[in-house]
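Please read them with the sequence and the coordinates open.

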Amino acid sequence: MSGSINTIERKDPYKGVIIVLSVVIPLVVAVLFRMPKIEGYDFSFLPPIYAAINGVTAVLLVMAVQAIKRGKRLLHERLMKTCIGLSAVFLVMYVVYHITTNTTLFEGTGLIRYVYYFILTSHIVLSVCVIPFVLFTFSRALAGNFGRHRALARYTYPVWLYVAVTGVVVYLMISPYYP
């Protein structure tokens with residue numbers, strides 16, 4: 001009996017934490033858009049920084065996949081840990097910016113407006129969906145469950161890459177309208 005429990009725990013040792021984070025992070029971000037802004041602080045310099053973080057994350061994700069394909073496991077591990085760290089830094093900056101600054105509206109017209117909102121909507125939806133995928137993929141690697149890690153990484157990688165790249169695209173499209 002205890003052998004089967006250890007097997008289950010070994011499969012996803014951080015399951016509870018991952019589920020909580022996967023619910024709490026999007027809820028906190030959603031709530032911050034409804035909260036009154038904290039006044040007296042100017043964090044208008046943050047959007048280009050966190051857009052750059054998204055860009056660096058995208059590049060590092062591609063490098064990490066190439067590293068593991070070439071059998072460079074330690075490099076892959078370091079690059080992925082860097083991507084996780086960058087994503088955490090991004091999240092903190094994003095929250096700080098949005099609790100102190102009013103939302104910037106996209107002012108483009110015509111077809112570009114539809115393109116922008118399509119990219120933005122897909123970016124937002126997938127950024128919420130990718131959280132548990134990233135965390136489960138990462139935790140499986142940490143637990144040494146490389147078969148299950150690889151199986152999930154096949155889906156996590158393209159979604160995370162899309163979110164990182166579209167984060168940059170959204171920033172570039174809306175940046176002319178920042179105050």
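1. The chain has six helices and zero strands, where helices (H or I, at least four residues) and strands (E, at least two) are DSSP runs numbered from the N terminus. Read from that end, the order of elements is α-α-α-α-α-α.

2. On provenance, this is a predicted model, in which local features need pLDDT of at least 70 and side-chain atom pairs count only at pLDDT 80 or more, while totals for chains, interfaces and linings use all residues. Residues are numbered from 1 along each chain as its sequence is written, and side-chain values use heavy atoms, with hydrogens and water left out.

3. Taken along the principal axes, the box filled by the C-alpha atoms is roughly 60 × 35 × 30 Å. Of the 179 residues in the chain, 35% are buried, a label that stands for under 20% relative accessible area, with exposed meaning over 50% and partly exposed in between (1.4 Å probe, protein chains only). Among contacts (heavy atoms within 4.5 Å) with a separation of 6 or more, 80% join residues 24 or more positions apart.

4. The largest nonpolar core, in which Tyr-50 and Trp-160 have the most contacts, has 21 residues; such a core is a set of buried Ala, Val, Leu, Ile, Met, Phe, Trp, Tyr and Cys residues joined through side-chain atoms within 4.5 Å. At least two residues of this core come from each of helix H2 (15-34), helix H3 (46-69), H4, helix H5 (111-142) and helix H6 (146-174), and H4 gives the most, with eight residues.

5. Leaving aside residues up to four places away in sequence, Tyr-50 touches Phe-90, Met-93, Tyr-94, Tyr-97 and His-98. There is also a second, separate core of seven residues, among them Phe-106, Ile-119, Val-170 and Ile-174.

6. Which residue forms a salt bridge with Lys-81? The partner is Glu-77, and the closest N and O atoms are 2.8 Å apart. The count is one salt bridge under the rule that a side-chain nitrogen of Lys or Arg lies within 4 Å of a carboxyl oxygen of Asp or Glu. Because Glu-77 and Lys-81 are four residues apart in helix H4 (residues 73-100), about one helical turn separates them. Both ends are partly exposed, Glu-77 with a relative accessible area of 33% and Lys-81 with one of 38%.
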